[in-house]
Amino acid sequence: MSERIVWRRAMNERIVLRLARPYLRRLIGAGLLAAATEFAGLALMATATWLLMTAAGQPPLDRLTVAIVAVRALAVSRGVLRYTERLAGHDAVLRLITDVRARVFATLATRRGDPPRSGDALSRLVSDVDAVQDLLLRVLVPAAAAGLVSVLAVGLTALVSLPAALALAVGLLVAAVALPALATALTRRAGAEVAPLRGALATDAVDLTHGAADLAAFGATSDALAAAGRRARRLARLERRLAALGFAVDAAGVLVAGLTAGAVVYVALGADVDGVLVGVLAVGTLAAVEIALALVGAARQWTGLRSGLARVAHLLAPGDASSETPRDSVSAPAVAPAPSVRFEAVTVRYRVGAAAALDGVDLELPPGRRVAVVGPSGAGKSTLAAVLTGAVSPTAGRVTLNGRDVSAYPSQELPYLVGGLLAEAYVFHATVRDNMLLGSPNADEDALLTAATAAGLADWVRAQPDGWDTVVGEEGGQLSGGQRQRLALARALLAAPGVLVLDEPTEGLDPTAADQVLASALAATVGHSVLLITHRLSGLAELDEIVVLDAGRVVQRGRHAALVATPGWYREQWVLQQAAEHGYLALSG
Amino acid sequence: MNRRPFDPRLLRRVPAARRDLALLALLGVLAAGLVVAQATALAVLLATAFTGQLDRAALVGLLATVAARSLVVWAQGAVSARVAATVKAALRADLLGAVAQHGPGWVAGQRAGQLATLAGRGLDALDAYFTGYLPQLVLSVTVPVAVLGRVLFADWSSALIIALTLPLIPIFGALLGWQAQAATERQWRRLSLLGGHFLDMVAGLPTLRAFGRARAQTDAVRRMADGHRIATMKTLRIAFLSALVLELVATLSVALVAVPVGIRLLGGGLALQTALLVLLLTPEAYLPLRAAGSRFHASMEGLTALDEALTLSGSAPPAPAGRASAQPDGPAEIRFESVTVAYERTTALRDVTLTIRPGERIAIIGPSGAGKSTLLNLLLGFVRPTDGRVTVGGIDLTEIDLDSWRRQVAWVPQRAHLFAASLADNIRLGTTDATPAALSAAVHAAALDEVVATLPDGLDTLLGERGYGLSSGQRQRVALARAFLRDAPVVLLDEPTARLDAAAEAVVLSATRSLVASRTALLVAHRPALLTDVDRILRVEDGRVTELTPVPAGERP
């Protein structure tokens, strides 16, 4: 492995470590403390050996006093040094992690692309950031300490006997360079061999659990089970083989320590070194090689961290992250003026060659007009909202606000013109008040109450002991699905952007509650521009226009009464929904 | 939660690991013996070196013990890794087997996620436990005993001091709380996982953006991460302090042994070789105990996974039904007799009585969550009645061999699972012996041919987790093709044309009609078009089933 390749490979580490610059002094301090800790341990054993072997010559006690004091001091200081080193190291690294988190968040916030959505990608992002922490605490600091102690040990040995120092240096090189390199190579190879099989097994597990019903219904369970069992056994065989190889490195470490000590004794005696010092060198050598062997563990750790570090580095790499410092958004205008919205033959294709999610859609939304978009799932309703809010750019056609293209608006300004309750509205682990104030930071208590009442949330808030200051659990965990939806709706109503987009505002509510909430929410928006997206057809009678989407195309449009009277998707759906919810059915017109 | 360092259930449930675990214990004894042997050889070597001479026998002895120790270290690693691999494979098989035994009803919902994670990557956490902690745990017993024995043999007064101070480590450990330390470390992990709401903020980034708050929150992220750092340092200070106390206890104990040895040596009352042996061995007695303690927290994740796996796979399956040899063959009447199905929190069906005659096509409508799917799940045997019974041809369904009954049923679920296999294999689920002609007929009948044409490898395209994703509508047609290929007398369909656009729906509708023709069919309908060709329409609301009689529009209430 040439040095250049190593250097280039360590690129990601360098990008990450550039962030460590403000804390360099703290980190160096921690590294020195770690080295001092290890050295104190080494010196303790060496001094104690000197003490005993000198005592065997039965000298006067005062010849030993200094050594006795030194042993006591070293014994206590090793513990104290370790304590301070761990505190200093963790403090420095946690400060750095604070920076990394802020930087990663700022990068994600300024980037136009989508942030990770799935729980898996999210938790990976968090553990990737933690990889930076482990890189410093478990790889760099211990490695630096081991290197420093090794150099020191060789230097001190050289003062006693050059040949012995040479023997020690060879042993340390094997322990601190060759074995870690070997461990890295083996760990990487093992990872490359095991990873695909582990992935396949994870897929098997998903298939057998999430597909359990399908397998059972079609009598295919036992076959799938047998296949997964075979794969698990194959993985086990591979793991056994790789472990036998990997632990050979640890075995070699033990061997190196013993051989080096033996060699040092042999060489020192040959060089006529004083007997007491031979003992000191032997015990010191064992301790020094032991310390250097910590690098094997550090190397393994590093190998495991690399993919995470690469992802963080990629995220933070200059050029990818816009260097502009995040600014505060412009303060919200007191009342957002409703813009006039026009969709002109808007087509959206997510992939080249794929079916269009939206196909030549025209829509007009002058100020104060309220429009509903309905249609089967997958018809393009949410894409319509995404185009309007600028999250998705049209492949063809354009969307304008007051005659100006949506993409021409700065990203800080757009949310005050168009927004509201979008698909996958997120409820934060914060108070109800903070969650609601997100889009309207300066709203007063009255506005809060009005919005919550319209969304049907006010009674629940009143019933909570902490009222508005009730903390919503992780991902809105302590709220039921319905309350979460109401909270998101209340937040959207409070934000009151120029055009209020409501994407499935009553999802997760039972039909009766859904009707009530929709009615009160619509009542609160009289006079505002509203784009309502829904798959339920109840309560749409008072809207100015209803647009029926199917496969990205507008197939019907008009007011509720007219649509119910015309054969087509809307009337069919209306009839069945009435039948399902109210128990009567009119199959013929 | 199980906090014991070793779960005895393991021996019972994974007998294959017993021999290796015994071997691991034996290696622990061997390793302890070699620690003692190495120290003895080194003491002899150095005591002779004191006089300026090289004791060749001692040097060879030292190198031999080192070589043997190196072999034992390798064997400990290899054997413990073998145990880990064996246990993981066995537990994986057990866990997935439990899924098959308990049936899909048991797996549904959150448990599916837990099981999939555990059987997949979750159990890999056991590696750290078996290769890192367990050998150390063995050493923490064998090494102190061996050291004590050797020192007792060499110098009984030193052995006495070691014997008296050694228990201080576990005592102080318990006092300071290894457990508390482990808990703190775990909390620290959890805290850092939450990352001061970092995760929360990133997850909610689209919402923050939608309200124009994304940039403003960067400061908040920094503030919270900083607060998190201060809180974390507080807990770490305590954890590190307890480690410091343990280290000082060990160091002072070593000093207690070393000081009298030095004084006696100075007075000529002790041989140098013995003194060196005591000095070299005493620290070894305290080390493994502390090492095991500090590694405990690192293996917590593995222990938790082990506990979860043993508990989940060990829970007894429902009492196996008496297998009736009687098998309703041919078209049989299906009856629900006052069936009630209660789940943990809700009652899905209440006192439902219903007769489905052979060849009858029945549509079911009702609001979502009313219990429509539960009706189908009862017939599939996924759910058992809490009260009442379901009979097929007069025989209670719980007494019929489910596999042979299911062979007469084709099911089109609301959301079919796509397996990580080829499209063809996905369609041939349970009918692996289907001929290519039958397969292509099913593909055609389910209007899947146009989908096949767009796939890179046609029917051989890999689907599922690592394969090609299909849209919901295409997935639905795969499920229909499965049902066509199965060619069963009873068909259960759960909203078969949901998530299809109008054009695809028309195609699938006619496919569905031909599927249900001349079969007994129960179909959960969500479109009026599905209601036209059925014999009866049932309405499910709030767990009750009522017959729906169509009324002309003019007479609507």
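I started at Asp272(A), which sits in the loop between α8 (221-270) and α9 of chain A. The model is a predicted one, so I kept confidence in view throughout. I looked up the backbone here: Asp272(A) has a positive phi of about 60°, yet it is not a glycine. Buried or exposed, I asked of Asp272(A)? I found 10 C-beta neighbours inside 10 Å, so Asp272(A) counts as exposed; the cut-off for exposed is 12 or fewer.

I then turned to Ser518(B). Its phi is positive too, about 60°, and it is not a glycine. I placed Ser518(B) in the loop between α21 (502-516) and β8 (520-524) of chain B. Ser518(B) is exposed because 11 other C-beta atoms lie within 10 Å.

**Confidence in chain A**

I checked pLDDT next. Chain A has a mean of 85, and 91% of its residues reach 70 or more. Which elements of chain A have the lowest and the highest mean pLDDT? I found the lowest, 51, in helix α1 (residues 3-9), and the highest, 94, in helix α9 (residues 275-292).

Two stretches of chain A went on my caution list. Over residues 1-5 of chain A, pLDDT stays under 50, and the model has 1 contact beyond four places in sequence for them. Over residues 320-334 of chain A, pLDDT also stays under 50, but here the model has 23 contacts beyond four places in sequence. Where pLDDT is low, the predicted coordinates should not be read in detail. I left both stretches there.

**Domains**

I noted the division of each chain. Chain A splits into domain 1 (11-316) and domain 2 (341-582). Their C-alpha centres are separated by 53 Å. Chain B splits into domain 1 (9-314) and domain 2 (334-555). For chain B I read 54 Å between the C-alpha centres of the two domains.

**Chain B overall**

I counted elements in chain B: 21 helices and 10 strands. Of its 557 residues, 50% are buried. I also looked at sequence separation. Among chain B contacts between residues at least 6 apart in sequence, 79% join residues at least 24 apart.

I took helix α12 (residues 216-266) of chain B, with 51 residues. From first C-alpha to last it reaches 73 Å, close to the 75 Å expected at 1.5 Å a residue. After α12(B) comes Gly268(B), with a positive phi near 80°.

Helix α13 (residues 272-296) of chain B was next. How far apart are its end C-alpha atoms? I read 38 Å; its 25 residues should span 36 Å at 1.5 Å a residue, so the two agree.

**Contact between the chains**

I finished with the contact between chains A and B. It takes 129 residues from chain B and 119 residues from chain A. Which helix gives the largest share of the chain B side? I found helix α3 (residues 56-102) of chain B, with 24 residues. I sorted the chain B side by residue type: 77 are nonpolar, 26 polar and 26 charged.

Note on methods:
Residues numbered from 1 in each chain as written. Chains lettered and ligands numbered in written order. Predicted model: local features only at pLDDT ≥ 70, side-chain atom pairs only at ≥ 80, totals over all residues. Helix = DSSP H or I, 4+ residues; strand = E, 2+ residues; numbered from the N terminus. Expected span 1.5 Å × (residues − 1). Contact = placed C-beta atoms within 7 Å. Nonpolar A, V, L, I, M, F, W, Y, C, P; charged D, E, K, R; others polar. Domains from an automatic or database assignment. pLDDT = per-residue confidence, 0-100. Buried ≥ 20, exposed ≤ 12 C-beta atoms within 10 Å, placed from the backbone.
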